[in-house]
Amino acid sequence: MLHDPSHYTPPPVVEEIRLSQEDKDVLRRLAQNVADIAALPIHAEKAGLWRRLNDLDSVRPMVWINEICWNEMNVDDELTLRCEHPWAQDQERELRQLVYQWSHLPADMILSDFLTCPLAIHSTSFGIVEDVDVVKMDETSDIMSRHFNIQIKELDDIEKIKMPVVTHNEKATEVRYQAMCEVYDGIMPVKKVGQTHIWFTPWDYLIRWWGVEEAMVDLVLRPDLVHAAVDRMVDAWMTELDQFVEQNLLALDCNNTRIGSGGYGYVSALPGVDYAADCVKPHNMWGCSNAQMFSEVSPEMHWEFAIEHDMRWLERWGLTYYGCCEPLDFKMDMLRRIPNLRKVSISPWCKPSRAVEAVGADYVMSHKPNPAILAEDSWDPEQARKNIRWFLDATEGQCHVELIMKDISTVRYRPQALWEWAAIAMEEVERMA
């Protein structure tokens, strides 16, 4: 996520990275594991399958798992950190999670044959963060219940939303890049990578400052105020995007980058003919949007207070993805007005029969199986299989489908349940190949 509305992210600093030999050895062993996995020919095959899916020429449904409750997944110390240096721990955590997921729940995941050094980009964000009261059920998890204290009440309060300022600390990038090159020398190449896919979701932010109930009521009582606030948010994101373009900080996402709330971005239409490898532009990339709070809002109001504002953003991208948790199976007439739409989220709250009729083969159906099955008192693999098969049977031969298991708040400390869900899902989609 480029922004986190829960706190301010400080700008990166230039700090020399000096690692002990022990830390280097840990990272090199893990990187060698990743390199061995990345060298497998299956990744090229899977990339082709993802590309055909996003080209609307799918061979079979694709499966990917993310937003994993890593705090509950450690088995036999596979995720236990051994490094001492904080920077090395961040590297180690990412490598261990890659190896773990490949070993236990790979589904259709793809590993790159290089390691990424993200550019040290900083955005001042939107000048306002959430003020919340929280309740946590598990201190090891970052999943919590939030009560948002209202900060936007009147028109003048919208001025609290500021236009972001983007900077790139090139020295910090170079320090991190050189450290990675030294540690992983001879094992995997390292590439500097700028900002890839941007999670654009004005309403996810507004309700944290406005209040959920208050914002929904104001759609009716104070529509002019709502329009002004959404416009301000879109202005802020557009201002930020313009700076990414001006500073040449964007990177392609038509690869194993997550797109929207769905799967990978492999697609033949991108980066397109108007493309220069040394200067990526928005039209070479995927865009996205959603309005999760609008689950029970009519299509007409959804268009008026969300998508009509979003169009300024969405039209800048080569292809777009729309949706997340909000049910969209009865709003496809509205979504078809987005000219570059390619993928639509089909949440657990959608009716498959209605989704099939509404979406058809015109878009990728990005289906989100309900993760609640992993949080039940007992794990029921047969029910998991029935749920998957029920959806796949409803869409077979009519739709282009990806199954994205996400929002996994808990597996009740039974990581093997998620492993088994992944295996079941793959058995079911391969049955349909």
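**View 1. Helix α11 passes helix α12 in a right-handed crossing.** A crossing is right-handed if the near helix is turned clockwise from the far one by less than a right angle, and left-handed if anticlockwise. The model is a predicted one, in which local features need pLDDT of at least 70 and side-chain atom pairs count only at pLDDT 80 or more, while totals for chains, interfaces and linings use all residues. Residues are numbered from 1 along each chain as its sequence is written, and side-chain values use heavy atoms, with hydrogens and water left out. Helix α11 covers residues 381-395 and helix α12 residues 415-431; helices (H or I, at least four residues) and strands (E, at least two) are DSSP runs, numbered from the N terminus. The two axes come within 10 Å and cross at roughly 35°. Axes are lines fitted to C-alpha atoms, for helices over the stretch in contact, and angles run from 0 to 180 degrees between N-to-C directions.

**View 2. Residues of α11 and α12 meet at the crossing.** From α11 come Pro381, Ala384, Arg385, Ile388, Arg389, Leu392 and Asp393, and they meet residues of α12 including Trp421, Ile424 and Glu428. By class, this contact has eight nonpolar, no polar and seven charged residues. Ala, Val, Leu, Ile, Met, Phe, Trp, Tyr, Cys and Pro count as nonpolar, Asp, Glu, Lys and Arg as charged, and the others, Gly among them, as polar.

**View 3. A salt bridge joins Glu428 and Arg385.** The distance is 2.8 Å, N to O; a salt bridge is a side-chain nitrogen of Lys or Arg within 4 Å of a carboxyl oxygen of Asp or Glu. Glu428 lies in α12 and Arg385 in α11, so the pair ties together parts that are 43 residues apart in sequence. Salt bridges that share partners join Arg385, Arg389, Asp393, Glu427, Glu428 and Arg431 into one network. Glu428 is buried, with a relative accessible area of 2%. Buried means under 20% relative accessible area, exposed over 50%, and partly exposed in between (1.4 Å probe, protein chains only).

**View 4. Glu67 forms salt bridges with Arg258 and with Lys406.** For Arg258 and Glu67, the closest N and O atoms are 2.7 Å apart. Arg258 is in the loop between α7 (223-246) and β8 (286-289), and Glu67 is in the loop between β1 and α3 (86-104), 191 residues apart. For Glu67 and Lys406, the closest N and O atoms are 3.5 Å apart. Lys406 is in the loop between β12 (400-405) and α12, 339 residues from Glu67. Glu67 counts as partly exposed at 32% relative accessibility, whereas Lys406 counts as buried at 3%.

**View 5. Arg342 is buried yet has no salt bridge.** Arg342 is in strand β10 (residues 341-346). The nearest side chain of opposite charge, Asp55, is 4.6 Å away; Lys and Arg count as positive and Asp and Glu as negative, while His and the chain ends are not counted. Leaving aside neighbours within four places in sequence, Arg342 is in contact (heavy atoms within 4.5 Å) with residues including Asp55, Leu56, Trp286 and Tyr363.

**View 6. Leu56 is found in the loop between α2 (42-54) and β1 (62-65).** At 26% relative accessibility, Leu56 counts as partly exposed. Leu56 and Ala361 are 305 residues apart in sequence and 7.1 Å apart in space, C-alpha to C-alpha.
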